[in-house]
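This briefing is meant for a reader meeting the structure for the first time. Please look over the sequence and the model before turning to the grouped points below.

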Amino acid sequence: MNNLGNFLTLSTFGESHGIAYGGIITNFPAGIEINFEEIQHQLDRRKPGQSSIVTQRKESDTVQFLSGTFEGKSTGTPIGFVIYNENQKSKDYEHIAAAYRPSHADFTYDQKFGIRDYRGGGKSSARETINWVAAGALAKHILPENVEIHAYVSSVGDIFCMKPYQDLDFSKIESNDVRCPDEETAEKMISKIKEIKKEGNTIGGTITCVIKNLPVGIGEPVFLKLQAELAKAMMNINAAKGFEYGSGFCGATMTGKEHNDLFNEDFTTKTNLSGGIQGGISNGMDIYFRVAFKPIATILRPQESVDKDGNLVIVEGKGRHDPCVLPRAVPVVENLAAFVLADLFLMNQIRKI
């Protein structure tokens, strides 16, 4: 399936070395004024070639809206958009036309479909996330203006941002190449990524996301719980390996007395180990979650593998690849979260008449 969302939906198309990426968004409300510059800004945050610690593929990632808007506003009809690929170098992948890269999707795609677009990974490429950023940036227009969504790199390998998010200045997220708002930690992260890149290797880490001012009541009671929909969206990101919200796995070590968030008289809570979600529904407190990302599978050094006939081969990555997915995944996390919130926000409008 190539669909995201329940009421507000996104259907996508495109491959890494194909002509273009794009999508169709349905059930977007009519009459909303669209900030097209902000949507492009979010795509610019995700695009390759931004710094020395990401892939050097050069793409403008310029989005063109084909339908669903008129005179700067949404019309209520399906919104179509397209983003053309401009800088493919397919010859960089000819050496894996019949070979499988370890821990990549090459083998599973070949077995599932019986045919594989080996150029840049085809549909398994993380370039697919460009569609999600465009759709999420558009979906933000549906949410109340005071809702804030901030994602940042909270760890690279064994280097962690030790400050709680409450002590961070989110305006500094874009002040450095790794998108960590703690400047001292950011320098260490950047040095680590450069060191790994020089070795022809890759490294993983985590991204933390904080959502502020979301109204109470967002999320459905059973199979569309807010945390479940966020987790589903985040775990569809290429290289994502884990998701936790609120106290996460640390909560499993606590007692109920330690973990319960006691109420204040204004219905806020004294603590927020619930992560702003109770019973699958937002409670008005900050929502915060963390996504773990593995090291990218394509490394620029020789590895033993097999070809499609089962013969032992040596595979070595070539071309332009991210040594670390995290800096460019920050806007992906933010905008995917926005799409999930907008979808559930619209669904919530019919709960009380």
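The accessible surface of the protein chain comes to about 17,100 Å², and 53% of that surface belongs to carbon and sulfur atoms; such areas come from the Shrake-Rupley method with a 1.4 Å probe, and for residues only the protein chains shown count as cover. This is a predicted model, in which local features need pLDDT of at least 70 and side-chain atom pairs count only at pLDDT 80 or more, while totals for chains, interfaces and linings use all residues. Residues are numbered from 1 along each chain as its sequence is written, and side-chain values use heavy atoms, with hydrogens and water left out.

**Overall form**

- The protein chain has 353 residues, for which a compact globule would have a radius of gyration near 20 Å, and the 21 Å found for the chain agrees with this; the radius is taken over C-alpha atoms, and the globule rule is 2.2 Å times the number of residues to the power 0.38.
- The C-alpha trace spans about 65 × 50 × 40 Å along its principal axes.
- Of the 353 residues, 52% count as buried, a term that means under 20% relative accessible area, with exposed meaning over 50% and partly exposed lying in between (1.4 Å probe, protein chains only).
- Among contacts with a separation of 6 or more, 70% are between residues 24 or more positions apart, where contact means heavy atoms within 4.5 Å.
- The mean positions of the 38 positive and 43 negative charges are 4 Å apart; Lys and Arg count as positive and Asp and Glu as negative, while His and the chain ends are not counted, and each charge is placed at NZ of Lys, CZ of Arg, CG of Asp or CD of Glu.

**Strands and sheets**

- The secondary structure comes to seven helices and 16 strands, these being DSSP runs numbered from the N terminus (helices H or I, at least four residues; strands E, at least two).
- Eight bridges link β8 (residues 148-156) with β10 (residues 205-212) in the antiparallel sense, and His150 stands opposite Val210 in β10.

**A hairpin**

- Strands β15 (residues 303-306) and β16 (residues 312-315) pair in the antiparallel sense over four bridges, and Glu304 stands opposite Ile314 in β16.
- Five residues lie between the two strands of this hairpin, and Gly310 in the turn has a positive phi of about 90°.

**A covered helix and a buried loop residue**

- Helix α3 (residues 129-139) is mostly covered, with 11 of its 11 residues buried, including Trp132 and Leu138.
- The buried residues of α3 pack against β2 (9-13), β3, α1 (36-46), β4, β7 and α7 (326-348).
- Ala239, in the loop between α5 (226-235) and β11, is buried with a relative accessible area of 18%.
- Leaving aside its neighbours within four places in sequence, Ala239 is in contact with Ala292, Phe293 and Lys294, while its C-alpha atom is separated by 8.7 Å from that of Gly204, 35 residues apart along the chain.

Conventions. Two strands pair if DSSP finds at least two bridges between them.
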